[in-house]
Amino acid sequence: MADYKEKIRHLLALAESPVEAEAQAALLKARELMAKYKLTERECRETEPQKVVRLYTGITCSKRRDPWCIPLSATIGNNYCCKGFRTHQTRCQTQEVGFIGFEDDVTLCVDIFKYAVDCVRSEVKRIKKQYASYDANHVKSRCDSFGYGFAIGLQAAFEKQTAEKEQEWGLVLVTPREVQDAADALGKPTAFRSRSQDSIFGNEFAKGFKSGQEFQMQKRIAAEV
């Protein structure tokens, strides 16, 4: 298990430019490695019961700051055998993102999420620099539009990957019932909708969608893993 985790961490470390196809490819490659490990584990031995745990990411957001983190966490969790959740203190708008899942899965899920957030924030910095002379709300809407587009594009890429690997993978990456039950026990989360969703910039959303969806595997990643 340690080798498998280190391979994925090494894979993410190779992606030096988070908004390029090489970096985006890492997220799909990581998911492929996870599936292959689980298939091998299932073939070699009966898997031992695992404990469901909750881990916090240290990444915070709110309806006004990086609201795209919430749909992104849902996409990452659902596609890496975990469930995303968020928590906040009473009367506090800032929320921290966390994940719940089996011990072996959830630590990697946190790493994957942090990497995906870095992908978005890298482009957000560029947008802020490009539109530095514009009104702050205008810039924020552009940044959030990219983030939302990235989350939706990433989900589309995962769905395409699942369809292509359906016969090979089967249900190996389906969120376990124990994890789903534990997530349900946390209660239904309060509605989370940001005003940014009402002022989407189509071009930035499209750029984000493309960045999340385009996963052209680079030779360097394939060779190093």
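The structure is a predicted model, in which local features need pLDDT of at least 70 and side-chain atom pairs count only at pLDDT 80 or more, while totals for chains, interfaces and linings use all residues. Residues are numbered from 1 along each chain as its sequence is written, and side-chain values use heavy atoms, with hydrogens and water left out.

Let me begin with the fold. The protein has 9 helices and 3 strands; these are DSSP runs, numbered from the N terminus, with helices being H or I of at least four residues and strands E of at least two. Along the sequence, their order is α-α-β-α-β-β-α-α-α-α-α-α. Of the 225 residues, 46% count as buried, where buried means under 20% relative accessible area, exposed over 50%, and partly exposed in between, with a 1.4 Å probe and protein chains only. Among contacts (heavy atoms within 4.5 Å) with a separation of 6 or more, 83% are between residues 24 or more positions apart.

I turn now to the interior. A nonpolar core here is a set of buried Ala, Val, Leu, Ile, Met, Phe, Trp, Tyr and Cys residues joined through side-chain atoms within 4.5 Å. The largest one holds 51 residues, and Leu72, Ile76, Tyr80 and Phe113 touch the most other members. At least two residues of this core come from each of helix 1 (2-14), helix 2 (21-44), strand 1, helix 3, strand 3 (95-102), helix 4 (103-130) and helix 5. Helix 4 supplies the largest share, 13 residues. Apart from this core lies another, of 6 residues, including Ile100 and Val179.

What does tyrosine 80 touch, not counting residues up to four places away in sequence? Its partners are Leu27, Ala30, Arg31, Met34, Asp105, Cys109, Ile112 and Phe158.

Next, the largest pocket. On a 1 Å grid over the protein atoms alone, a pocket is an open set of points where a 1.4 Å probe fits, with protein on both sides within 12 Å along at least five of seven lines; lining residues have an atom within 4 Å of a point. The space in the largest pocket is about 630 Å³, a volume being the space filled by probe spheres set on the points, which are joined across faces, edges and corners. Its lining comprises 26 residues, with Gly84, Phe85, Arg86, Gly187 and Pro189 nearest the centre. Strand 1 (52-61), helix 3 (69-79), strand 2 (83-87) and helix 7 (177-185) each give two or more residues to this lining.

Finally, the salt bridges, each a side-chain nitrogen of Lys or Arg within 4 Å of a carboxyl oxygen of Asp or Glu. The whole structure contains 8. One of them joins lysine 140 and aspartate 144, at 2.6 Å from N to O. These two residues are about one helical turn apart, because they lie 4 residues apart in helix 5 (residues 136-164). Lysine 140 is partly exposed at 22%, whereas aspartate 144 is buried at 3%.

Glutamate 204 and arginine 142 form another salt bridge, at 3.1 Å. This pair links distant parts of the chain, helix 8 (residues 202-213) and helix 5, across 62 residues. Both glutamate 204 and arginine 142 are buried.

A further salt bridge, at 3.8 Å, pairs glutamate 168 with lysine 165. Glutamate 168 is partly exposed at 43%, and lysine 165 is partly exposed at 23%. Lys29, Glu32 and Lys36 are linked in a salt-bridge network.
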